[in-house]
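Dear colleague,

Please find below the structure I promised to hand over. My notes on it follow directly after.

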Amino acid sequence: MDFLPIFLDLREQPCLVVGGGDVAARKCALLLRAGARVTVLAPALSAAFDADSTAGRVVHRAGHFRDADLEGHALAIAATSDEAVNRAVAAAATARRIPVNVVDQPTLCSFILPSIIERAPLTVAVSSGGASPVLARLLRARLETLIPAGYGRLAALAGAFRDQVKARIKPKERRRFWERVLQGPVAELVFNGRDEEARKALQATLEDTRLTYSGGEVSLVGAGPGDPDLLTFRALRLMQQADVVVYDRLVSQPILDLARLEAERIYAGKERAMHTLPQEDINQLLVRLAKQGKRVVRLKGGDPFIFGRGGEEIDSLAAEGIPFQVVPGVTAAAGCASYAGIPLTHRDYAQSVVFVTGHLRDGGMDLNWSALAQPRQTIVCYMGLLGIDQLCRQLAAHGLPASTPAALVQEGTTPHQRVLTGTLDSLPGIVRRSDVKAPTLIIIGEVVKLRDRLKWFEPVA
Ligand code: SAH
């Protein structure tokens, strides 16, 4: 280890920044964030100093650096483009034992600045010891995705309860208590912005003499349409903490691979006409697993609340008093439209978009046809392949021109994505001739025309 990481209390401490350019402005902003009093020594300040993070908050001393300028400062940063000046600052600071950082010159530094992930009061610092700041920044970006934005508030909540916990819980049990709180329902409440409920839940856990909420919890997680890159940070985090993952047929393998290695995987997929598990059984399965104390992730394709029967699953959880949350996902319409280059609305072509299910009940589609067959509206039909004849026929019968552009997006956002375009008239024939298979999304409307111009980036099989 070439550098010892420490966290410095700079509140109200005088710090000197030498240099008036953009880099110097960034360093000033950082010092100000830590509560320092900052003096900038430079002939002039660049426009970057006008930003909110620095404007009116630093003392500008116009002039050139002299050793005596360091007097009385707790820390110095040299950020000029003149190497001789940078060296002079480093030498003078070192002689006075004032910690000094010279931007981009690790050999002149007595301290280096890490890449920072801030979730105040929680701070994570990453450093490559000056070897590769870019690598440190890349690592920082990865950590950013893993650390929920609510971690700061969670840390603050834990801080507020520290004394109470100390008074009530024996030292040996404290660690387990905190682990449970910081990874369980209390934490999830904080991440969902329900801080007051989280506080109450934490208080209740503390007052519960058994000190155990042994029950588990269920997260209904939208896995998006297929491309793992479209997962939300929250989805990924919950998948990596899960004891059990109950997944649908629509959830792609690459997404499943991101779940915690040790997590049990239960397939509850539904294939048309071959329901692997009836919905009622899935509801009961979730309840049972949660009652065993497991952290259950119910992974669903797209968004759980869009043709996902998410409502029914949380119904039975709510009835049983099992903590749950719903994590939205990118719905097939949004994913497929983007990846196929079809904007669902457009100033010139469509002012509204409707999502409908083409699922057949007793052989029929129960839709409000006249409301659908409107000009300047895009129709997105989920589960519509089997009923495609009926869909196109009814829309035409209710006034949509037979020439209305239409598209089929099969396995959208995956490497197997296939996009076929035609018209209301030709769509059923295309489905038969081209052997189109589920999952496929149907998009009908003038916006489909834009595809030729906008399909700039389509995954290739
Ligand atoms: N909750 C899901 C929809 C479930 S209904 C969501 O929000 O996306 C299942 C239907 O969604 C499929 O029949 C198909 O019409 C559509 N669908 C889901 N993923 C798809 C994909 N990757 N490509 C094309 N259509 C998809």
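I begin with the salt bridge between Lys-300 and Glu-313, whose side chains meet at 2.9 Å, N to O. Since Lys-300 belongs to strand 13 (residues 295–300) and Glu-313 to helix 11 (residues 310–319), the pair ties together parts that are 13 residues apart in sequence. Please bear in mind throughout that this is a predicted model.

Are the two partners buried or exposed? Lys-300 has a relative accessibility of 1% and therefore counts as buried. Glu-313 is likewise buried, its relative accessible area being 0%.

A second pair is formed by Asp-389 and Arg-432, with 3.4 Å between the closest N and O atoms. Asp-389 counts as partly exposed at 33% relative accessibility, while Arg-432 is exposed, with a relative accessible area of 56%. As for salt bridges that share partners, Asp-248, Arg-298, Lys-300 and Glu-313 are joined by them into one network.

A further salt bridge brings together the side chains of Arg-194 and Glu-197, at 3.1 Å from N to O. Arg-194 is partly exposed at 38% relative accessibility, and Glu-197 is partly exposed at 41%. The count of salt bridges comes to 25.

Helix 1

Helix 1 comprises 12 residues (22–33). From its first C-alpha to its last it reaches 17 Å, close to the 16 Å expected at 1.5 Å a residue. Which of its residues are buried? They are Ala-24, Ala-25, Cys-28, Ala-29, Leu-31 and Leu-32. Because these residues cover an arc of only 165 degrees around the axis, they lie on the same side of helix 1. Their packing partners are strand 1 (14–18), strand 2 (37–41), strand 3 (58–61) and strand 4 (75–78). On the face turned away from the buried side, helix 1 carries the exposed residues Arg-26 and Arg-33. Gly-35 follows helix 1 and has a positive phi, near 90 degrees.

Met-1, Leu-4, Ile-6 and Leu-8 make up a nonpolar patch on the surface; together they have about 530 Å² of accessible area. Leu-8, one of these residues, is placed in the segment before strand 1.

Asn-86 is part of helix 2 (residues 83–95). With a relative accessibility of 4%, Asn-86 counts as buried. What does Asn-86 contact, leaving aside its neighbours within four places in sequence? The residues in question are Ala-78, Ala-79, Thr-80, Val-102 and Gln-105.

Gly-329 sits in the loop between strand 14 (324–327) and helix 12 (332–340). Its relative accessible area is 17%, so Gly-329 falls among the buried residues, for which the limit is under 20%. Not counting residues up to four places away in sequence, Gly-329 touches Gly-222, Gly-302, Asp-303 and Pro-304. Leu-154 is 175 residues from Gly-329 along the chain, and the C-alpha atoms of the two are separated by 24 Å.

Backbone features in the loops

Two peptide bonds deserve mention as cis. One runs from Ala-120 to Pro-121, with omega near 5 degrees; Pro-121 is placed in the loop between strand 6 (115–119) and strand 7 (122–126). The other joins Ala-438 and Pro-439, with omega about -5 degrees. Pro-439 is in the loop between helix 15 and strand 19 (440–444).

Positive phi values also occur in residues other than glycine. Arg-97 is not a glycine, yet its phi is positive, at about 60 degrees. Arg-97 is located in the loop between helix 2 and strand 5 (100–102) and is exposed, with a relative accessible area of 76%. Phe-307, also a residue other than glycine, has a positive phi near 45 degrees. Phe-307 lies in the loop between strand 13 and helix 11, and at 35% relative accessibility it counts as partly exposed.

With kind regards

How values were computed
Residues numbered from 1 in each chain as written. Predicted model: local features only at pLDDT ≥ 70, side-chain atom pairs only at ≥ 80, totals over all residues. Heavy atoms only, no water. Helix = DSSP H or I, 4+ residues; strand = E, 2+ residues; numbered from the N terminus. Expected span 1.5 Å × (residues − 1). Buried < 20%, exposed > 50% of the residue type's maximum accessible area, 1.4 Å probe, protein only. Arc of directions from axis to C-beta. Contact = heavy atoms within 4.5 Å. Patch = residues over 30% accessible without salt bridge, like charges linked within 9 Å, V, L, I, M, F, W, Y side chains within 5 Å. Areas by Shrake-Rupley, 256 points an atom, 1.4 Å probe, with all protein chains shown as cover. Salt bridge = Lys/Arg side-chain N within 4 Å of Asp/Glu carboxyl O.
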